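Subject: Model for your files

Hello,

Please find the structure below. My notes on what was found in it follow.

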Amino acid sequence: MPSYTEENYLKAIFKLAEAEPGSEVSTNRIAEVLQTRAASVTDMLRRLGEKGLLNYTRYRGVSLTPEGRRLALLTIRKHRLWEVFLVQKLGFNWDEVHEVAEEMEHIQSPLLVRRLDEFLGFPQTDPHGDPIPTEEGAILQPQNRLVADLQPGDSGTVVAVKNTSAPFLQYLDKVGLCLGAHIEVLDKVSFDNSLEIKVNKQKITLISAEVSRNLFVTG
């Protein structure tokens, strides 16, 4: 099994690759995300390459092998299941769970994860709307729409967030834009692309373009 640090690297590489499909991930981007030195990243990439978990060519970036991808998705699966557990069973708010789940995702017990999944009723998404990978390493990417792409008259139900930072989630709580909220776009301001929206057919509020780029809806 990979170490704590190796799991973090594999997860970071997977997420960076998902954000920029079709391109290899640079060492500088990995260093930036993991807040470490580029030299340390290079050493770890060499080690993971020797284990057959990624393809690494110096100065050209990295890509995960099928086994590296499977292990990355397993770590993400554990993280998101623990987030569900913390919110549903322990009463955590959705802005409080990320750092706790970061620690719990490294528990190495397939049986525990299997029992946890069953105990939670086999959830499909975590508290932020992200899909939970299966035990076999499959992940279904939903075809949701960014609120930023909506036009006046469009509507939908908030189903996921891109930004999972505590300040952003606390802001969404404050304006009533939690998962499950229904929104209708009333106007789009051409000056800055901010949106005037109606929330749950009652409250009218103005959200910035930055907020709209971090919210997903369906419907």
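To begin with the largest pocket: H1 gives the largest share of its lining, nine residues. Helices (H or I, at least four residues) and strands (E, at least two) are DSSP runs, numbered from the N terminus. This is a predicted model, in which local features need pLDDT of at least 70 and side-chain atom pairs count only at pLDDT 80 or more, while totals for chains, interfaces and linings use all residues. Residues are numbered from 1 along each chain as its sequence is written, and side-chain values use heavy atoms, with hydrogens and water left out.

Pockets

The volume of the largest pocket is about 1500 Å³. Its lining has 41 residues, and the closest to the centre are Lys-15, Arg-80, Asp-130, Lys-162 and Thr-164. Two or more lining residues come from each of H1, helix H2 (27-34), helix H4 (66-88), helix H5 (98-104) and strand E4 (155-161). Sorted by class, the lining of the largest pocket has 18 nonpolar, 11 polar and 12 charged residues. The classes are: Ala, Val, Leu, Ile, Met, Phe, Trp, Tyr, Cys and Pro as nonpolar, Asp, Glu, Lys and Arg as charged, and the others, Gly among them, as polar.

The second largest pocket has a volume of about 260 Å³. It is lined by 18 residues, of which Pro-123, Gln-124, Thr-125, Pro-131 and Ile-132 are the closest to its centre. Here the lining divides into 10 nonpolar, five polar and three charged residues.

As for how these were found, a pocket is an open set of points on a 1 Å grid over the protein atoms alone, where a 1.4 Å probe fits and with protein on both sides within 12 Å along at least five of seven lines; lining residues have an atom within 4 Å of a point. Points are joined across faces, edges and corners, and a volume is the space filled by probe spheres set on them.

Lys-11 lies in helix H1, residues 4-19. Lys-11 counts as buried because its relative accessibility is 7%; buried means under 20% relative accessible area, exposed over 50%, and partly exposed in between (1.4 Å probe, protein chains only). Leaving out residues up to four places away in sequence, Lys-11 touches Ala-72, Thr-75, Ile-76, His-79, Glu-102 and Glu-105, where contact means heavy atoms within 4.5 Å. With Glu-102 there is also a side-chain to side-chain polar contact of 2.7 Å from Lys-11. A polar contact is a pair of N or O atoms within 3.5 Å; within protein, one must be able to donate a hydrogen and the other to accept it, and residues adjacent in sequence count only if both atoms are side-chain atoms.

His-79, in helix H4, is likewise buried, at 6% relative accessibility. Apart from neighbours within four places in sequence, His-79 is in contact with Lys-11, His-98, Ala-101, Glu-102 and Glu-105. The side chains of His-79 and Glu-83 form a polar contact of 3.0 Å. Between His-79 and Ile-132, 53 residues apart along the chain, the C-alpha separation is 8.9 Å.

Asn-8 is another residue of helix H1, and it counts as buried at 16% relative accessibility. Not counting residues up to four places away in sequence, Asn-8 touches Leu-34, Glu-105 and His-106.

The annotated domain

UniProt, in an unreviewed entry, places "domain: HTH dtxR-type" at residues 1-65. The UniProt positions are in the numbering used here, feature names are shortened, and annotations may be inferred rather than shown by experiment. Over residues 1-65 the chain is 57% helix and 12% strand, with the end C-alpha atoms 15 Å apart. Thr-65 lies in the loop between strand E2 (61-64) and H4 and is buried, at 11% relative accessible area. Its contacts beyond four places in sequence are Gly-52, Leu-53, Leu-54 and Asn-55.

Backbone

Most residues other than glycine have a negative phi. Asn-200 has a positive phi, near 55 degrees, and lies in the loop between strand E6 (195-199) and strand E7 (203-207). Lys-201, in the loop between E6 and E7, has a positive phi of about 60 degrees. Asn-200 is partly exposed, at 39% relative accessible area, whereas Lys-201 is exposed, at 66%.

Regards
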